[in-house]
Amino acid sequence: MINKNSNWKNRNPDTSSSKNEPFLLKPAYKDYLWGGRRLNDDFSKGIEAYPLAETWECSTHPDGLSTVDSGRYRGRTLLEVLKENPSFLGSDVQTGGELPVLIKLIDAAKDLSVQVHPDDEYAYRHENGSKGKTEMWYVLDAKKDSKLIYGFHSEVTKEQIRKSIENKRIEKYLQKKRIEKDDVFFIKAGTVHAIGAGSLIAEIQQSSNLTYRLYDYNRVDKDGRLRELHIEKALDVANMAEQKEPVQPMRVLKYRRGCASELLCRCKYFQVERLLINTERNRQMAEFQSGPDSFQVFLCIDGCGVLIFGQERYIHFFKGDCIFVPASSVPMKIHGNLQMLKVSC
């Protein structure tokens, strides 16, 4: 067994590489008060923070920049690399070098605040031209009683919700859904929501950090102050209609030698697939290559493997590792027994 945190010489290949080769990323992190220990315990992140709430695995957002951790760009931020090489994003991604998505791992040891995100139009008008935030959650693990909040179980008015917040009774209007490992949830901008305690989540979202809190259980921050709420902005953007209980999308596995894949989510902002790779008994490895239209991001959510590319170059990766693959990449092969989320635009 190779130690993920060791400096084993072949984990990060040398820097004599061509431009369109994949590279590992090192995350930024957040120590929000609702976090826990699982991002270190389950994914060997080696981050000296407690609580550890989120790791921003693939991000060019200024609130948390990912860093390249292998190859010719090692030590530079992903934003710097993409600004210098906008073609890495692909012909369909015209953003001037800024990544349009943000990929996180989230450990909710405690309930997150009841919150809502604006759409692009509202964010542009009211938040200095920022992007809105639509997101998708893939449940990596959940305790037996873990739940999420997803909208209102019946139609409500702004005044009803405003008064319920004042009276600390908003929870009676909120729709709660029990969650299980391997569940998928699409959270459209404007949907009031919250991740419940005991949930371990992979989140794929627009590259935005706009969150309007409606309610936060009267919690205080590390300085003893009540956490800020954004009630009026939240009510401006929230969908007040009755929300149907979220159901799991139909998922169809497609098989090829050494790999099975299934589509989890496709929207105007991103596409997410789950890959199940097992080449331990095959002499032929699973083959991959990004096209000219979009980058790809591989987030390993279970197991470990080796990504091989170029002239006998390779990256060893482990559960929790994130790999950025430029558009029009060199051909790649993956060997191992693992699961990945593959994100593209």
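**Cut-offs at work**

Tutor: Helix α4 is followed by K168, whose phi is positive, near 60°. This is a predicted model, where local features need pLDDT of at least 70, side-chain atom pairs count only at pLDDT 80 or more, and totals for chains, interfaces and linings use all residues. Residues are numbered from 1 along each chain as its sequence is written, and side-chain values use heavy atoms, with hydrogens and water left out.

Student: Which residues of α4 are buried?

Tutor: I161, S164 and I165. Buried means under 20% relative accessible area, exposed over 50%, and partly exposed in between (1.4 Å probe, protein chains only).

Student: How do you know that they lie on the same side of α4?

Tutor: They cover an arc of only 100° around the axis, so they share a side. The arc is taken over the directions from the helix axis to the C-beta atoms. An α-helix has 3.6 residues a turn, so residues three or four places apart point the same way.

Student: What covers those buried residues of α4?

Tutor: The cover includes β8 (147-152), β13 (212-215) and α5 (231-237). Contact here means heavy atoms within 4.5 Å.

Student: Why is Q175 called buried?

Tutor: Its relative accessibility is 11%. The limit is under 20%, so Q175 passes. Q175 lies in strand β9 (residues 174-178). Beyond its neighbours within four places in sequence, its contacts include Y150, H153, K244 and P246.

Student: What makes the approach of Q243 to Q175 a polar contact?

Tutor: The backbone oxygen of Q243 lies 3.3 Å from a polar atom of the Q175 side chain. A polar contact needs a pair of N or O atoms within 3.5 Å; within protein, one must be able to donate a hydrogen and the other to accept it, and residues adjacent in sequence count only if both atoms are side-chain atoms.

Student: Why is the K104 and E54 pair called a salt bridge?

Tutor: Their side chains meet at 3.5 Å, N to O. The rule asks for a side-chain nitrogen of Lys or Arg within 4 Å of a carboxyl oxygen of Asp or Glu, so the pair qualifies. K104 is in strand β5 (residues 101-108) and E54 in strand β3 (residues 54-58), so the pair ties together parts 50 residues apart in sequence. K104 is buried at 3%, and E54 is buried at 6%.

Student: Are E171 and K176 buried, partly exposed or exposed?

Tutor: E171 has 33% relative accessibility, so it counts as partly exposed. K176 has 42%, so it is partly exposed as well. They form a salt bridge with the closest N and O atoms 3.2 Å apart. Elsewhere, shared partners join the salt bridges of D182, R251, E262 and R274 into one network.

Student: How do you know that β15 and β16 pair?

Tutor: DSSP must find at least two bridges between two strands. Strand β15 (residues 259-266) and β16 have seven, in the antiparallel sense, so they pair. A hairpin of four residues joins them. A260 has L276 as its bridge partner in β16.

Student: What makes β16 mostly covered?

Tutor: Six of the eight residues in β16 (residues 271-278) are buried. On another partner, strand β21 (residues 332-344) pairs with β16 in the antiparallel sense over eight bridges.

Definitions and conventions. Helices (H or I, at least four residues) and strands (E, at least two) are DSSP runs, numbered from the N terminus.
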